Amino acid sequence: MTETISCPRRAILDAWSDSEWNNGVQIDQMEELTTLAVRTSNSVYEITVLNGRSGEVLVRVGEFFPVRTAVRLEGSTCGGSILKRGGIYVGLRMEIVPQPVEIVSRVKHDPTTGQREILLGHKVITTSSIQSIGIVI
């Protein structure tokens, strides 16, 4: 029996690398203190670029960040492991790391062998899909 797995075209590596990337912005190419309004399915994010190369921005939105808060914008993703570093693109999701980085670990336990594996990572806030991007003046 053959199993068919479907995924969005943008989640395929060849489609990702061949994309023209003309429906968004790269914060490393923006002037410092440029402020963006990024509308997702659920919120409007106010993002002010502090250092585009390092991803340092101020963000303000809803309950997560009710006042301007320093975070690191990692980039945009389809929700998988491929990341458009430093980018904010329509149809993708932004990944934001609160500062200072909060290390999160979890233990994976295999009941058959009794082995435990510690998985390390960092706390990432993933937004809903981006609907539009605008520059606030």
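Start by selecting Glu95, which sits in strand β8; strands here are DSSP runs of E of at least two residues, helices are runs of H or I of at least four residues, and both are numbered from the N terminus. Before you click further, note that this is a predicted model, where local features need pLDDT of at least 70, side-chain atom pairs count only at pLDDT 80 or more, and totals for chains, interfaces and linings use all residues. Residues are numbered from 1 along each chain as its sequence is written, and side-chain values use heavy atoms, with hydrogens and water left out.

**Stop 1: Glu95**

Glu95 is buried and yet has no salt bridge. Buried means under 20% relative accessible area, exposed means over 50%, and partly exposed is in between (1.4 Å probe, protein chains only). A salt bridge needs a side-chain nitrogen of Lys or Arg within 4 Å of a carboxyl oxygen of Asp or Glu. How far away is the nearest side chain of opposite charge? Draw a distance to Arg85 and you get 8.2 Å. For that search Lys and Arg count as positive and Asp and Glu as negative, while His and the chain ends are not counted.

Now show what surrounds Glu95. Leaving aside neighbours within four places in sequence, its contacts (heavy atoms within 4.5 Å) include Arg72, Glu74, Thr77 and Leu83. Keep the first three of these on screen, as they come up again below.

**Stop 2: Glu74 and its arginines**

Select Glu74, which is buried at 9% relative accessibility. Its side chain meets that of Arg72 in a salt bridge, 2.4 Å from N to O. Arg72 itself is partly exposed, at 22% relative accessible area.

Arg85 also forms a salt bridge with Glu74, with the closest N and O atoms 2.7 Å apart. Arg85 lies in strand β6 (residues 83-85) and Glu74 in strand β5, so this pair ties together parts that are eleven residues apart in sequence. At 55% relative accessibility, Arg85 counts as exposed.

**Stop 3: Thr77**

Stay in strand β5 and move along to Thr77. This residue is buried, at 1% relative accessibility. What does its side chain reach? Look for the backbone oxygen of Ile82, at 2.9 Å from the Thr77 side chain.

**Stop 4: Glu46 and Arg68**

A search of the whole structure finds four salt bridges. One of them joins Glu46 to Arg68, with the closest N and O atoms 2.7 Å apart. Glu46 is in strand β3 and Arg68 in strand β5, so the pair links parts that are 22 residues apart in sequence. Arg68 is partly exposed, with a relative accessible area of 48%.

**Stop 5: the nonpolar core**

Next, colour the largest nonpolar core, which has 18 residues. The term covers buried Ala, Val, Leu, Ile, Met, Phe, Trp, Tyr and Cys residues joined through side-chain atoms within 4.5 Å. Which residues have the most contacts inside this core? Pick Val38, Tyr45, Ile47, Ile88 and Met94. At least two core residues come from each of β2 (35-40), β3 (44-51), β4 (56-61), β5 (65-77) and β8 (93-98).

Centre the view on Ile88. Not counting residues up to four places away in sequence, Ile88 touches Val38, Ile47, Leu73 and Met94, among others.

**Stop 6: Phe64 and Phe65**

The structure holds one aromatic pair. Phe64 and Phe65 make up this pair, which is tilted, at 6.5 Å centre to centre and 45° between the planes. Rings of Phe, Tyr and Trp (its six-membered ring) pair if their centres lie within 6.5 Å; planes under 30 degrees apart count as stacked, over 60 as edge-to-face and the rest as tilted. Phe64 is exposed at 55% relative accessibility, whereas Phe65 is buried at 5%.

**Stop 7: two loop residues**

Gly62 is in the loop between β4 and β5, and is exposed with a relative accessible area of 55%.

Then jump to Leu33, in the loop between β1 (24-26) and β2. Its phi is near 70°, a positive value in a residue other than glycine. Leu33 counts as exposed, at 62% relative accessibility.

**Zooming out**

Switch to cartoon view for the whole chain. Of the 137 residues, 30% count as buried.

How values were computed: Polar contact = N/O pair within 3.5 Å; in protein donor to acceptor, adjacent residues only side chain to side chain.
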